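Subject: Structure handover and notes

Hello,

Please find the structure below, followed by notes on what was found in it.

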Amino acid sequence: MEFFRSLGANTRESFTKLGRGSYFLIGMLAGISSVLVRPNLILKQMHSVGVLSFLIIFISGLFVGMVLGLQGFYILSRFGAEETLGVMVAASLVRELGPVVSALLFAGRAGSALTAEIGLMKATEQLSGMEMMAIDPIKRIISPRFLAGFLSMPLLAALFSAVGIMGGQIVGCGLLGVDDGAYWSQMNAAIDFQKDIINGVIKSLVFGFITTWIALFEGYDAVPTAEGVSRATTRTVVNSAFSILGLDFILTALMFGDN
Amino acid sequence: MDNRGHHPNQNSLVSVHNLTFSRGEKKIFDNISLEFERGKITAIMGPSGTGKTTLLKLIGGQLFPQNGNIVVNGRDVHHLKRDELYTLRKRMGMLFQSGALLTGMNVYDNVAFPLREHTHLPESMIRSLVLMKLEAVGLRGARDLMPNELSGGMARRVALARAIALDPMMIMYDEPFTGQDPISMGALVLLIKSLNTTLGLTSIIVSHDVYETAAIADYIYVLSEGKVVGQGTPQEIKESSSEWVQQFMNGAADGPVHFHYPAKEEYMDDLLHCDKSLFSRKRLFGEKPAKRRRYS
Amino acid sequence: MPHNKTQDTLVGLFVAAGIASLFFLALQVSNLSSFTKGNTYEVVARFSNSGGLKAKAAVSAAGVKIGSVKSITFDPKTFESIVKMDIDAQYNTLPDDVTASVYTAGLLGEQYVSLDGGGSDDYLKNGSKIEITNSSLILEKAIGQFLFKSAEENKGSSDKKTSPKK
């Protein structure tokens, strides 16, 4: 009985949270138009969300690509199909690893920072103070950050994939002796612009949307104490990771399911 | 109906009528009525936890009461449209207990913030205004500091400069004196008084610092447990016959307000009822000194 | 708010790097660069079996890619597969009696259409039909035939030598 009671209570709590999150989302989206006329606000946030995530994405992409080159080579050489290494590296990066891994890194690097920042602004009454100055904190603080995250994500994912493909090329062609021309031409023939590249970008846009939303909402909804903010930050990373992986499955099924 | 504190006044900028507000089971305000006269400094006093900050948030329209209404400058705060409320708030300054400065920008930008958000003034004019406001609080020299480089008193003065940036008709001070050293406290007392007279502001001070508040307030309400227990000019309050007010003003540890938070059981009963294992030999005389230290 | 030049520069570099990556993915990695729409002409070929051929597969002549498969449909009357191909307009001197065959690139690779031979003076043009086609080699069929053949041979040889092990 106790189990069902707590289950019911949890369900109710989830619903109210989802409701608050939806209201928050609507406010956040409504604020976008007022942010667009002040690009300075977005630029500032793109700096803290995008530019500061650049390095981790770049290095991770390079290493993931190099590992893919190595592993792919060992498997493909068993079948004498080393020439398709480029296809394997590019397809796995562009379709899956690029959007997913960069979104996970983004949630850890930028998402947690956003949650902590907003949570602390709430704890130190900055949001409340802004409201009393007749400035809507959702429009002034939340919307620019959302837009910056949403726009940065596909750029970071593309960077991740591009760097990864080059990393795979360095290992595959430079160290393991796969033919350079075959690496690129096979990749060229097999990777479809619409099916692979565009779908990858769509994925990263969805992940950027969901991750930034979760991060900002958790910060805004945080209990305004040190412990509350730390919990909210943890929730951001955990919930973002779950959402990214779950949505990735759904999106993949929708995009590549008919093939 | 409890209408002790209600004297309708044509000269009021803010009127609180029969306000009831509760959080969960706890009634923070139980049908109270207050008047805040134009151009005067009115203080709300009472022990911590009486919801003084909540009252300011209610006046600012950030919280909604269960009952009653609040009229600011002839407008019912809780029946305004969002735009109208925001227009009204531009004319209401509020000084938060923590200052609530934006930590991401320096003192100058903090004071300029409401001007930049609400006006389209050229940067040169904003500069003049900001320097003027900073000069008024004596911190023109600190304009390049970041909020984390300021002392608590300075942060509050910067927040005050920001609150008056848009030339509001009133300012609400939330515990302006708490945690200040005597010098900053004196500076703030002086500032609040002089701003009130020079700018013709209406001030509402929420505080439990008896002497400082009584020194500058024109009228004082004393709240306790959601009710107005005393009101009047500082002189009247000091001479109040109410035991409660006397206890609060003199800071006596015991009186109508007991030193002890209400407990369900008598102290001795409570001690005896508690977990027996707490007093077991092992616990009291056990090998681990760390545990014993707790009871020494 | 005063502009921050360093910040502007960094954001600019970041956006440029991101967009460059997108272009790299689009042009260098994917087949977008081989899209030369408008400069192609369409030819049709009928195969009794087009195997694992897919739309956008390569069409090549002498191993050089000259176009791509546009669509593959099934004709329920003749039980044939109708393969429409877009050939790059610069290759406008292909004889109209070429043979279209479905081949596999490598043992496990993608299938593609190869145009070979032909000696006619008339060239393929938009809407032309390729008459001579070789169907895809179906691996199972080929293996089946091979096994059948070798079984026959074995049978023949074992009949002669008659040396059963058991």
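Contact here means heavy atoms within 4.5 Å. This is a predicted model, in which local features need pLDDT of at least 70 and side-chain atom pairs count only at pLDDT 80 or more, while totals for chains, interfaces and linings use all residues. Residues are numbered from 1 along each chain as its sequence is written, chains are lettered from A and ligands numbered from 1 in the order in which they are written, and side-chain values use heavy atoms, with hydrogens and water left out.

Thr54(B) sits in helix α1 (residues 52–59) of chain B; helices (H or I, at least four residues) and strands (E, at least two) are DSSP runs, numbered from the N terminus. Leaving aside neighbours within four places in sequence, Thr54(B) is in contact with Phe21(B), Arg23(B), Phe29(B) and Leu63(B). Buried means under 20% relative accessible area, exposed over 50%, and partly exposed in between (1.4 Å probe, protein chains only). Thr54(B) counts as buried because its relative accessibility is 8%.

Next, the interface of chain A and chain C. Here 28 residues of chain A are in contact with 24 residues of chain C. The buried area (accessible area, 1.4 Å probe, that two parts lose on being put together, summed over both) is about 2400 Å², and carbon and sulfur atoms give 73% of that. On the chain A side, Leu155(A), Asn188(A) and Phe193(A) lose the most area to chain C, together 22% of what that side buries.

In chain A, the side that touches chain C draws at least two residues from each of α3 (39–78), α4 (85–123), α6 (137–175), α7 (180–190) and α8 (193–220). The largest share, 10 residues, comes from α6(A).

The nonpolar cores follow. A nonpolar core is a set of buried Ala, Val, Leu, Ile, Met, Phe, Trp, Tyr and Cys residues joined through side-chain atoms within 4.5 Å. The largest has 72 residues, and Ile165(A) and Leu25(C) have the most contacts inside it. α6(A) gives the most to this core, with 17 residues. Beyond its neighbours within four places in sequence, Leu25(C) is in contact with Val94(A), Ala158(A), Ser161(A), Ala162(A), Ile165(A), Ile197(A) and Ser30(C). Another core lies apart from the largest one and has 49 residues, among them Val111(B), Leu134(B), Val210(B) and Val222(B).

Two further places in chain A are listed here. In α7(A), Ala182(A), Tyr183(A), Trp184(A) and Met187(A) are buried. The buried residues of α7(A) pack against α4 and α6 of chain A, together with α1 (5–29) of chain C. Lys122(A) is in helix α4 of chain A and is partly exposed, with a relative accessible area of 29%. Not counting residues up to four places away in sequence, Lys122(A) touches Leu127(A), Gly219(A), Tyr220(A), Asp221(A), Ala222(A) and Pro224(A).

Last, chain C. There are two helices and eight strands in chain C, in the order α-β-β-β-β-β-β-β-β-α along the sequence. Of its 166 residues, 30% count as buried.

Regards
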